[in-house]
Amino acid sequence: MAEHGPRRSPAKRRAILDAAIKVFTDQGYARTSVDAIAAVAGVGKQTVYGHFGDKEQLFLAAIQEARSAVSAPPAGGDAEGTPGVTLSGDPREDLTALGERILDIALSPRVSALHRLTIAEVAHHPELQRTWRESSASADRTVVGYLRDSDADGRLRVPDPARAARQFSHLVITEGRVETAYGMLPLRPERRHAIAADAADLIIRAHRP
């Protein structure tokens with residue numbers, strides 16, 4: 001049973017997540033045990049269960065933590081509340097900037113390692129594909145909001161912002177992963193920009209007013 005209220009320690013939660021990311025990426029999902037994560041975190045196994053419930057939920061939380069660590073905005077935040085991105089109001093510039101930020105997150109070492117782990121283990125643990133999709137939804141939400149606003153003020157015509165955002169994210173992430181062998185190789189800044197700009201151009205062409 002999960003812990004509630006003041007019994008939960010933010011410091012212990014952080015230690016468990018850091019330990020989980022390390023152990024999962026070092027040992028793989030199937031070989032990782034809650035006991036091993038607890039040992040690395042310096043807590044009891046029941047503390048891990050109290051915070052996260054089970055190994056699958058801890059894996060999902062580790063993915064989300066890895067993404068959040070990369071996407072956290074600098075002190076003071078950015079325009080429009082978009083992590084790491086200052087928006088200008090020009091759809092091509094803004095979608096390109098958002099695409100570059102998506103690549104920063106998707107190709108970060110921790111997120112890439114966890115994604116490769118999901119691919120390696122999904123045949124034995126199909127539920128991991130569902131947890132990965134759920135963790136990816138936050139990247140789309142920022143773009144959904146931007147496209148919805150652009151439709152509302154007439155900059156673009158986007159009858160289905162959620163679908164368009166998903167298409168944009170998939171274009172950007174897939175191209176980036178192919179070029180980097182799923183995060184194993186570096187992506188030059190100019191290529192990152194070109195990938196994001198090409199995807200932005202396709203979305204804008206499809207949704208011109």
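Helix H1 (residues 10–27) packs against helix H6 (residues 109–121) at an angle of about 50 degrees, with the two axes 10 Å apart. That angle makes H1 oblique to H6 (under 35 degrees counts as roughly parallel, over 145 as roughly antiparallel, 65 to 115 as roughly perpendicular and the rest as oblique). The model is predicted: local features need pLDDT of at least 70 and side-chain atom pairs count only at pLDDT 80 or more, while totals for chains, interfaces and linings use all residues. Residues are numbered from 1 along each chain as its sequence is written, and side-chain values use heavy atoms, leaving out hydrogens and water.

The contact (heavy atoms within 4.5 Å) is made by Asp18, Ile21, Phe24 and Thr25 of H1 and by Arg110, Ala113, Leu114 and Leu117 of H6.

Helix H5 covers residues 91–106. Its 16 residues should span 22 Å at 1.5 Å a residue, and this agrees with its end C-alpha atoms, which are 22 Å apart (the expected span is 1.5 Å times one less than the number of residues). H5 is largely enclosed by the rest of the structure, because 12 of its 16 residues are buried (under 20% relative accessible area, with a 1.4 Å probe and protein chains only).

Helix H8 (residues 161–179) has 19 residues and reaches 27 Å from its first C-alpha to its last, close to the 27 Å expected. Among its buried residues are Pro161, Phe168, Val172, Ile173 and Arg177. Just after H8, Ala181 takes a positive phi of about 55 degrees.

Note on methods. Helix = DSSP H or I, 4+ residues; strand = E, 2+ residues; numbered from the N terminus. Buried < 20%, exposed > 50% of the residue type's maximum accessible area, 1.4 Å probe, protein only. Axes fitted to C-alpha atoms, helices over the stretch in contact; angles between N-to-C directions.
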